[in-house]
Amino acid sequence: MAVPLTEVTVKRLAYIRMLYEQGVTQAKQPMPMGASSLLSLHDSVEMFLVLTSDALSAQVDRNTHFMDYWKKIKGVSLSGAHGMRRLNDARNGLKHAGAMPPVEVVEQALADTFAFFDDNVPQVFGAALWSVDTSYTIPQAAVREWTRKAAERFEAGEGGTALAMLQLALREVLAADPGAPYGTALSKLSRWRPAMEDLPRSFGSLFGGSFSTDVSDATRGVRELVEVVEGLTEAVRWMALGGNLHHYARFQTLTPSTIVWVGNPSEEDVDRLASGLESPTREEFDFCRQFVVTTALRQADIAAHVVRPSWRTKDSSPSNDGA
């Protein structure tokens with residue numbers, strides 16, 4: 001009989017799924033970077049074994065080894081022990097002996113871990129791991145809500161709308177101001193410069209709307225300069241978050257990038273934006289969702305560490321800090 005799902009259990013399963021998907025993403029990197037997937041996959045399985053032990057009140061202690069869970073967990077017959085032994089041996093070889101695994105070992109670990117979760121999570125909790133929404137791990141309420149709605153739309157066959165909602169979720173993350181380190185170059189470079197969009201037009205107006213070749217070329221040059229500066233600003237902001245620019249580029253390729261609203265967009269606004277968009281594969285959607293989750297967690301970590309000095313807590317104006 002399956003264990004009833006509680007809110008705490010769902011959150012733990014969401015984190016387990018996030019770790020698993022992190023391992024899947026790492027496995028796609030060229031070797032030797034792809035080897036780190038073994039660590040994430042192993043962590044995700046071990047956390048599930050601990051969760052199952054808690055749910056079934058199994059008699060385990062801090063000295064319980066990875067493969068001992070199959071013996072100590074009663075009330076359910078966990079499958080996949082042979083594949084998990086392979087994963088455990090490969091992970092231990094990498095972590096404790098420095099033995100770099102070949103690509104075939106990583107591919108086998110992916111297949112074994114997927115089969116383990118696909119079979120055992122429904123046995124223990126009566127629901128597939130893939131049905132657990134990883135948005136539970138997002139600390140920011142607005143970001144979590146857009147990500148949750150995106151998952152619902154994707155499962156309903158509205159993949160284009162789901163991607164638009166994930167773009168909104170990411171913009172909600174990037175719009176958050178954790179109280180950046182005022183007065184530093186980082187804080188100045190990491191802020192948006194919307195006024196720059198008007199710079200080419202303002203430059204052209206200085207010449208009274210002249211359409212001479214020289215003025216047109218100069219205006220075009222200013223416009224190109226603005227695009228470069230905006231791109232650099234975006235890149236610096238992203239690196240400040242500790243993000244992967246290649247992952248960011250893929251996310252932007254998959255999702256619509258023309259979301260501009262004054263105020264909060266409604267779901268109807270998103271539906272109109274997503275009209276005509278191709279529906280992504282599950283792998284593409286999962287990549288974009290995981291990207292939002294990871295970015296939201298990074299932003300939350302920054303917000304927790306970037307705080308004003310105690311002697312400036314009463315001053316809410318950043319201008320006095322020299323920014």
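This is a predicted model: local features need pLDDT of at least 70, side-chain atom pairs count only at pLDDT 80 or more; totals for chains, interfaces and linings use all residues.
**Entry 1: a definition before I start**

For sorting residues, I count Ala, Val, Leu, Ile, Met, Phe, Trp, Tyr, Cys and Pro as nonpolar, Asp, Glu, Lys and Arg as charged, and the others, Gly among them, as polar.

**Entry 2: the whole chain**

I began with the overall fold. The chain has 13 helices and zero strands, so I can write its elements from the N terminus on as α-α-α-α-α-α-α-α-α-α-α-α-α. Of the 323 residues in the chain, 39% are buried. I then looked up contacts between residues at least 6 apart in sequence, and 71% of them join residues at least 24 apart.

**Entry 3: salt bridges around Arg-17**

How many salt bridges does the structure hold? I found twelve. I started with the one between the side chains of Glu-21 and Arg-17, where N to O is 2.7 Å. Both residues lie in helix 1, which covers residues 7-27, and they are four residues apart, about one turn of the helix. Are Glu-21 and Arg-17 buried or exposed? Both are buried.

Why does Arg-17 count as buried? Its relative accessibility is 2%, and buried means under 20%. Asp-286 has 16% relative accessibility, so Asp-286 counts as buried by that cut-off too.

I also noted a network of salt bridges that links Arg-17, Glu-21, Asp-286 and Arg-289.

**Entry 4: another link to helix 13**

I looked up Glu-155 and found a salt bridge with Arg-282, whose closest N and O atoms are 3.0 Å apart. Glu-155 lies in helix 6 (residues 141-155) and Arg-282 in helix 13, so the pair ties together parts that are 127 residues apart in sequence. Arg-282 has 40% relative accessibility and counts as partly exposed.

**Entry 5: the second largest pocket**

Now for the pocket I mentioned. About 420 Å³ of space lies in the second largest pocket. Which residues lie nearest its centre? They are Glu-21, Val-24, Thr-25, Lys-28 and Glu-283, out of 18 residues that line the pocket. I was glad to meet Glu-21 again, as the salt-bridge partner of Arg-17.

Helix 1, helix 11 (245-254) and helix 13 each supply at least two residues of the lining. Using the classes from my opening entry, I divide the lining of this pocket into five nonpolar, six polar and seven charged residues.

**Entry 6: Trp-130**

Where does Trp-130 lie? I found it in the loop between helix 5 (103-125) and helix 6. Trp-130 has a relative accessible area of 21% and is partly exposed.

Leaving out residues up to four places away in sequence, I listed what Trp-130 touches: Arg-17, Tyr-20, Phe-114, Phe-117 and Asp-118. Trp-130 and Asp-118 are twelve residues apart in sequence, and their C-alpha atoms are 8.2 Å apart in space.

Note on methods: Residues are numbered from 1 along each chain as its sequence is written. Side-chain values use heavy atoms; hydrogens and water are left out. A salt bridge is a side-chain nitrogen of Lys or Arg within 4 Å of a carboxyl oxygen of Asp or Glu. Buried means under 20% relative accessible area, exposed over 50%, partly exposed in between (1.4 Å probe, protein chains only). On a 1 Å grid over the protein atoms alone, a cavity is a set of points where a 1.4 Å probe fits but cannot get out, and a pocket is an open set with protein on both sides within 12 Å along at least five of seven lines; lining residues have an atom within 4 Å of a point. Grid points are joined across faces, edges and corners, and a volume is the space filled by probe spheres set on the points. Contact means heavy atoms within 4.5 Å.
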